[in-house]
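Thanks for asking me to look at this one with you. Below are my notes, point by point, in the order I would walk through them with a new colleague.

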Amino acid sequence: MEFFFEVLIGGLLAGVMYSLVAIGFVLIYKASGVFNFAQGAMVLFAALTFVSLLERGLPFWGAFLVTLTSMVVLALLIERAVLRPLVNRPPIILFMATLGLSYMIEGLAQALWGAQVHGLELGIPDEPLEIHGMLISQFDLFAAGTAALLVIVLSFLFNRTRIGLSLRAVADDPLASLAVGIRLPRIWAVVWAAAGFVGLVAGLLWGARLGVQFSLSLVVLKALPVLIIGGFSSIGGAIVGGLIIGAAEKIAEIYLGPIIGSGIENWVPYVLALVFLLVRPAGLFGERAIERV
Amino acid sequence: MTAVAPVPLLTLDDISLSFKGVKAVTSISFAVATGEICALIGPNGAGKSSLLNVINGVYQAQSGSITYAGQTRHHMRPHQAAEGGIARTFQNIALFKGMSVLDNVLTGRNLKRRSTWIEQMLRIGRAGAEDDEQREHAERVIEFLRIHPWRHALVGKLSYGLQKRVELARALAAEPRLLLLDEPMAGMNAQEKLEMSQFIRDINRELGTTVVLIEHDIGVVMGLSDHVVVLDYGRKIGDGTPEQVRNNPEVIAAYLGTRRSQPARSQ
Amino acid sequence: MNHRTSLRRVALALALLGSGLASAVQAANEQYFPLQSYRVGPYAAGGTGFFGGFIDYMQYVNANGGVNGVKLTWSECETEYVVEKGVECYERLKGGLNGAPAAATNPLSVGIAYATLERSTADKLPLITINHGRTDSTDGSVFPYVFPLQLNPYSEVSAIVNYIGQRDGGIATLKGKKIAVLYHGSPYGKETNSVLETLAKNYGFELTTLEVPHPGNEQQSQWLNIRRLKPDWVILRGWGVMNPVALKSAQKVGYPVDHIIGNIWSNSEEDVIPAGAAAKGFISITTHPSGTDFPVLKGIQKDVPDKGQGNLADAKRFGTVYYNLGVVNGILNVEALRIAQAKFGEKPLTGEQVRWGFEHLDLDDARLQALGAKGLVQPLKLSCADHEGGGAVRFQQWDGQRWNLISDWVQADRGLLRPIIEASAAQYAKEKGITPRDCSKEQ
Amino acid sequence: MLYQEAGQLARRYAAERRIFRLRQDRIGLLLLLVFAFVGVPWLGNDYWFSAILIPFMVLSLAGLGLNLLTGFAGQLSLGSAAFMAVGAFAAYNLQLRVAGMPLLLSFALGGVIAGLVALVFGLPSLRIKGFYLLVSTLAAQFVVEWVLTRFSWFTNDNASGVITSPPLIIAGVDFSSPQGRYLLTLGLLVLLFWLGKNLVRSELGRNWMAVRDMDTAAAVIGIRLLKAKLLAFAISGFYLGIAGSLWAFAYLGTVEPHGFDLSRSFQVLFIIIIGGLGSVLGNFLGAAFIVLFPILLGNLSALLPVGVIDSGQLENLQKVLFGALIIVFLIKEPEGLARLWQRFRLRLRVWPLRY
């Protein structure tokens, strides 16, 4: 039983890491209805830029600020060059554009900083804590705390500020908000910049966990089922979805793995998400739109 | 098909429909006789489009039943409606924008096909002869509605009025018994409206098709229809010949807006 | 369905290709190495090191007069570790360069090696898969053109098991021990499972195999399993990002890192540096030590990087595991060339002739001493039947900064493995309708 | 006046329905086919067959497979590579386990099996739409890869988990030389493209496009959405399955399950985006682009003095250019290269006049 709880807690904490990436998606989806496949590439870009600056002798906060600035610049460029010309196009087209974007960013990141593998130490100890005979990773606890903080900051941003209000209006009804004078491009730019910031935080934590390297961009594949379960438009959903996926895949690997064969973690989240979709097509927290004809 | 017969082609019995608790249509019953032109009128948000959607199965009513061509059902499924000979047009044109006019009209005839996709892919069996047959019929509809100059054009690039006509052509291509038209003249100028009324009348007279239409222009409605059903606020408030409806005090009240004011749900 | 546009493109491509390909007219006194390198993508770290070392060694040989006067030449074609790009590169480069014939291909990629295996045989161009590749290609009677030099995957695990036995006081102590294998969820990762089972049966240890799905950036459940299992040793058959993540996850569940033994693809600096402190104490096998103290490396340093011609973008990586593997690979290729030249004459040779050289490769300590590579390259003797030759590894331990050797050469139990390899090769021969060579008639 | 069309009026609907209405086009196609079947085998060399033409053709075929599903029926899929893998592994096992199985039959049955697997993963498409459907197809991608790696039966217990090509012999003729593999691929390609072109112009093709453009309206005119969507998945799977067999056996010769990973699915998707969604010709253009672009870029850079750009940077540059091109196409020409070609041809038809 103890072992089960250890697996469960470990899974939940791993799930928070997925949520961190998923939150970036949710922000962009809420504001512009785009499923941004390039979020993974943005995580890679942020982590790689940060660690390369660090290695070139910048202090932590200096590197953080420079990276954040470059993420914002990247966001503005994307808004200008990709989103604006594609406004009012079907979501599938926008999705495919973000695939192209993800190639561009990956190529750019490696062209700028090279393809070497970097270690990244954030100075967070990773000796496991022992609680009631269960080992719990300090690093994962820290990551969970960061995610919580991030959610608080973001909800403050969206609930208490003007820009947040406009964002919610845009998410509800883009046309109407346009009519009342909300400037969509500005909202998009802000949201992409915020997603860049989330990408940076996720990049640092994931980078510290895996090392900073090319496969960071693959975390996007872990975030997708999280989004499906949580719904594309809810930050709370991204967190809950992450927890469900994290716990489910660990439990499946440990208890189902011996029966049907191990290494099933790659597809279990997808099958789970598929089941969710069939039962609740708009995710746990999303609402299904009524089709009007 | 004969002219007006006493047997109704379509009967709605006590139909109610709501979305997430908001009532769109409340216990509506009426009958459409074979061969007539029946108009549904009423202010915005009266539930007219919802009712059409219930008739051909796009929405499922929570209660009530639909009797069509002698068969009574609680729910109509879209393909059951289509197979039973119900065709329709939509308020916001629902054409297949990536296809040509001809292809749009041909899709309207998809139920008239007998050859399988394998025969068509291999170009064997019935496929070839059937292609010609389909094409001939589609051409007749295209000629009938006078859209032949645009036969190979992509519908997405046509004007609004033409698109409305192409949509009608697609519905007609199915050789329907019952034609549902959702605001066929919306956004048209007087000339275009006149043409469209003429088309609708011709369809009704020449092909014997029963028509249910939604229209806002009362003048057009009164001139065109045999039978008018008035909805307001999800309820039926009038049902009869144009004459009867014109003199119905409740209808007058609704149209003059003397009733409690209520924000209209946009359709 | 009109091809016209595509044909126009093809014509353009042809014109452009022509400038690179068609000038194979005048024969130069050069021997060509087509390099299917990979310097970008997920495995770039390995590719830049390996091909950097290989190219630097060839430059070093050229700076010292070439191979009996025959200069080495090469050109690179980026594969990104992608199989079909590797095939395209193979087909593009196999014909030689400016009249210099191709000697051998060295893709350093299991996938590309497999995809070019039959082509290499048909084209009579040796395919060198140092430390990796298809295990049964060790049997040269069925695979005349394929050379898994030094160490095939079976030898690798056998040597690790032998080392564990040795460390704990003799191979008999393995009885009752628990060994867990954490492997990459790919054919490469799975390849040795069956042999490990045989070894487990032979020596009586308890084997658990745990798969990590590709790419391996999430391993918590596997390590929780290991924590529950409490194995005496964990063998890591990792690849790329899976390695540092394994070490970090081990730390998370409190498994002692100095009881994890990495295999040949888990043994480089790039595999441990990203894990930071968690990697300190990690043991791995190597066919060659890292470091810059060998005379041959000093020679390279003097003649190549010091003259500003080094191939590495990051000079700090000189002497690292992958770089040195490239150097070792260079030495083996050049030595095979030298041996073949002794038979066929001191001139550029065909792939078929070079193959003969590989098959008669014989590096003893004296020769390695002369090359300045004693201790860097293991003594190696190949034959028609044996295309591997060595089968020995040394063990090294990461101290946070560098790898330190902690063992002498540990030999795989090749006698035990040979029948399995022969059976597998025979099955391949049967499937493909190949009649194996009679090695007793080869010379 | 190359495109002299005067007098070529269709007198019967059947004449107008022909794939190539203009005589010039028909003659052009005939010449092209003759050139492809006779001229190319005679002119080409190993490099052209093995490294360019065969992958180009196989990818065109895979592109057509995905285009039927995504471009015509409007169902987004990232599982193309999985269906290719199913086709290849099924054909391999049929060859291996059924004595006397003809090669082409095993390819076809492999395609059928891939179609069935695609159908299963297409089942959710009735309830879920748009990029939600990605989840189902990605599940296919990961499950298939896992199953093929996990159960060594599929690879005949090969220690390395790879399958190798069966002897390419059809009716006693050996097709295993580069020319032979080229002709084998070309023959299947021509046949399958002919069928595909017929299909998209048939009732089913129109139904697919109707579902793609406006599914509610399609249902209302009597198109059975589930049937149309499932047929799209199944037929797309069939095409991809055969493409997978050709990829494994006519092109590479040896393949492991990872050879059909997610990046292959992306590759096929890019082919149809660049070539043109909902176009048959576009698959050729897209595949040609995908195959030739990196090679051209590589050769162009080889013309530069050594050291100006190293091969690693070149690959990064290529990635950036590639991503940029996809975005540019989506913005400027969502109908892809096929549309550009059509415009060019329209010009040619009126040449030398401007309109």
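1. Let's begin where chains D and C meet: 41 residues of chain D and 40 residues of chain C take part in the contact, where two residues touch if their C-beta atoms, placed from the backbone, lie within 7 Å. On the side of chain D that touches chain C, α2 (23-43), α3 (46-72), α7, α12 (281-303) and α13 (311-332) of chain D each supply at least two residues. The largest share, eleven residues, comes from α12(D). By class, that side of chain D has 23 nonpolar, 14 polar and four charged residues; here Ala, Val, Leu, Ile, Met, Phe, Trp, Tyr, Cys and Pro count as nonpolar, Asp, Glu, Lys and Arg as charged, and the others, Gly among them, as polar.

2. A word on reading these notes. This is a predicted model, in which local features need pLDDT of at least 70 and side-chain atom pairs count only at pLDDT 80 or more, while totals for chains, interfaces and linings use all residues. Residues are numbered from 1 along each chain as its sequence is written, and chains are lettered from A and ligands numbered from 1 in the order in which they are written. Helices (H or I, at least four residues) and strands (E, at least two) are DSSP runs, numbered from the N terminus.

3. Chain B and chain C, by comparison, have no contact, and their closest C-alpha atoms lie 17 Å apart.

4. Chain D also touches chain B, with 25 residues from chain D and 31 residues from chain B in the contact. On the chain D side, α1 (13-17), α7 (178-201), α8 (203-213) and α9 (215-220) of chain D each give two or more residues.

5. Chain B itself is split into domain 1 (1-85 + 176-267) and domain 2 (101-174), with bounds that come from an automatic or database domain assignment. The centres of the two domains, taken over C-alpha atoms, are separated by 27 Å. Ten residues of domain 1 of chain B and nine residues of domain 2 of chain B make up the contact. On the domain 1 side, α2 (78-83) and α7 (190-207) of chain B each supply at least two residues, and α7(B) gives the most, with three residues. The classes on that side are seven nonpolar, one polar and two charged.

6. Please also look at the sheet in chain B. Six strands form an open sheet with mixed pairing, in the order β6-β7-β8-β3-β9-β10; two strands pair if DSSP finds at least two bridges between them. β6 (86-89) and β10 (235-240) of chain B stand at the edges with a single partner strand each, so one side of each has no neighbour in the sheet. From one strand to the next, the twist averages 15°. Strand β9 (residues 227-232) of chain B pairs with β10(B) in the antiparallel sense over five bridges, and B:Val230 stands opposite B:Gly238 in β10(B).

7. Across β3 (37-41), β6, β7 (178-182), β8 (210-214) and β9 of chain B lies helix α1 (residues 48-55) of chain B, running at about 150° to β7(B). Axes are lines fitted to C-alpha atoms, for helices over the stretch in contact, and angles run from 0 to 180 degrees between N-to-C directions.

8. How do two helices of chain A pack, and at what angle? Helix α2 (residues 39-55) and helix α8 (residues 184-210) of chain A pack at about 65°, with their axes 7 Å apart. α2(A) and α8(A) are therefore roughly perpendicular to each other, a term that covers 65 to 115 degrees, with angles under 35 degrees roughly parallel, over 145 roughly antiparallel and the rest oblique. Among the residues in contact are A:Phe50 of α2(A) and A:Trp206 of α8(A). By class, this contact has twelve nonpolar, five polar and no charged residues.
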